[in-house]
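Subject: Structure handover

Hello,

Please find the structure we spoke about below. My notes on what was found in it follow.

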Amino acid sequence: MLSMNKTFLKRHHILLIVLALAGAFSLAGIIEQRRLAVTASAQLWFFDVGQGDAVLIRDREGKDVLIDGGPGADVLEGLSDAMPFWDRTIDVVLVTHLDADHYVGLFGVLQKYKIGEIWWNGAAPTTDTARRFVAAVEAKGIAQRFVQAGERADLADGTSFQVLWPREEMRGRIVPPATSSAKGGGTNDFGIVGTFSCGASRALFTGDISAHVEAALLDDASALRAELLKVAHHGSAYSTSEAFLDAVRPKEAVISSGAGNRYGHPTPRVLSALLERGISIHRTDREGTIRYACAGGRLHLAK
Ligand SMILES: [Zn+2]
């Protein structure tokens, strides 16, 4: 009987120690997050939104650029973690392209937040839901900017986001559907590509472009150099060519994809191309939300 009590007490103690440690770690996480919010020039949040993309760039002064909104409501949870509860303004919402896994979550964002400007390419929406989204933006009277290469958003401490693609005016254009969506083409290939600059470090955001667009971007390879790469199209086999990786030369790569997704993203070819080059891989399907900080003119993974 006595020994049973002892075992129970022992277990009880271990449980208490585990809980205390967990508490200390989560508290340390919160303190670190507060510290970065004050000291870092900007933070990048790759939200875990399942199979889709949603990235928030939030600068030290509280200016927010949201790149895509994922397929559903998960983005709202991410935003409430990343932004203080009193801040209900997102300065720029950039929609890379009107595919469901990139913008459907933005319906909820439109409801909950005041949006300064919507940046998108302006190509004619091809689905009823996409038309409904554009109508919702118009109904709210949100300013729209139809962006192409050269457009830039200036952020705190000289950081900025710059658009590299598309290189032509897309407003009102009808993009022919891809013959095989898996191989790229269609709306994916007119999606917005851009870089976030933090001193000499850069993060490259590639939306869902295929290797065709990557090849076109190679003619200005110096603009592509980036320490951090948001891997195109959730790690699809038809993006992230070896030539593109050798031009970007990232040290780290983030793949935003859903666990057990039906497309098999990220694909083994892309994973091995990254590993062969010694690039660290971070995956939202395994790690959840992934955060980087721009501090001292450099990007680094924030724990
Ligand atoms: Zn996508």
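Strand β8 (residues 160-165) and strand β9 (residues 193-198) run antiparallel and are joined by 5 bridges. Strands here (E, at least two residues) and helices (H or I, at least four) are DSSP runs numbered from the N terminus, and two strands count as paired if DSSP finds at least two bridges between them. Within this pair, Val-163 lies opposite Gly-194 of β9.

Two notes on reading the model. It is a predicted model, in which local features need pLDDT of at least 70 and side-chain atom pairs count only at pLDDT 80 or more, while totals for chains, interfaces and linings use all residues. Residue numbers start from 1 along each chain as its sequence is written.

Overall layout

The chain has 10 helices and 15 strands. Its radius of gyration, taken over C-alpha atoms, is 21 Å, close to the 19 Å that the globule rule gives for 303 residues, so the chain is as compact as a globular protein of that length. The globule rule is 2.2 Å times the number of residues to the power 0.38. Along the principal axes, the C-alpha atoms fill a box of roughly 80 × 45 × 40 Å.

The domain assignment gives domain 1 (1-39) and domain 2 (42-302); such bounds come from an automatic or database assignment. The centres of domain 1 and domain 2, over C-alpha atoms, are 37 Å apart.

Of the 303 residues, 44% count as buried. A residue is buried if 20 or more other C-beta atoms lie within 10 Å of its own, exposed if 12 or fewer do, and partly exposed in between, with C-beta atoms placed from the backbone. Contacts are pairs of residues whose C-beta atoms, placed in that way, lie within 7 Å. Among contacts with a separation of 6 or more, 68% come from residues 24 or more positions apart.

The sheet with β8 and β9

An open sheet of 7 strands with mixed pairing has the order β7-β8-β9-β10-β11-β12-β13. β7 (152-154) and β13 (280-283) are at the edges with a single partner strand each, so one side of each has no neighbour in the sheet. Neighbouring strands of this sheet are turned by 15 degrees against each other on average, direction ignored. Axes are lines fitted to C-alpha atoms, for helices over the stretch in contact, and angles run from 0 to 180 degrees between N-to-C directions.

Arg-167 sits in the loop between β8 and β9. Is Arg-167 buried, exposed or partly exposed? It counts as partly exposed, because it has 16 C-beta neighbours inside 10 Å. Leaving out residues up to four places away in sequence, Arg-167 touches Gln-148 and Ala-149. The C-alpha atoms of Arg-167 and Gln-148 are 5.6 Å apart, although 19 residues separate the two along the chain.

The sheet of 8 strands

Another open sheet, of 8 strands and also with mixed pairing, has the order β6-β5-β4-β3-β2-β1-β14-β15. Here β6 (143-146) and β15 (298-302) stand at the edges, each with a single partner strand, so one side of each is left without a neighbour in the sheet.

Strands β4 (residues 89-94) and β5 (residues 114-120) run parallel and share 5 bridges, with Val-93 opposite Ile-118 of β5. Helix α2 packs on the sheet, touching β1 and β2, and its direction makes about 20 degrees with that of β2. The buried residues of α2 (residues 74-82) include Val-75, Leu-76 and Leu-79; its buried residues pack against β1 (42-46), β2 (55-59) and α4 (106-112).

In β14, 6 of 6 residues are buried. On one side these are Ile-290, Tyr-292 and Cys-294, and on the other Arg-291, Ala-293 and Ala-295. β14 pairs antiparallel with β1 over 5 bridges, and Gln-43 stands opposite Ala-293. β14 is also joined to β15 by 5 bridges, again antiparallel, and the bridge partner of Tyr-292 in β15 is Leu-301. β14 and β15 form a hairpin with 2 residues between them, and Gly-296 in the turn has a positive phi of about 60 degrees.

The core

The largest nonpolar core has 71 residues, and Leu-44, Val-55, Val-93 and Leu-94 have the most contacts inside it. Such a core is a set of buried Ala, Val, Leu, Ile, Met, Phe, Trp, Tyr and Cys residues joined through C-beta atoms within 7 Å. β14 (residues 290-295) gives the most to this core, with 5 residues.

Regards

Methods: Two residues are in contact if their C-beta atoms, placed from the backbone, lie within 7 Å.
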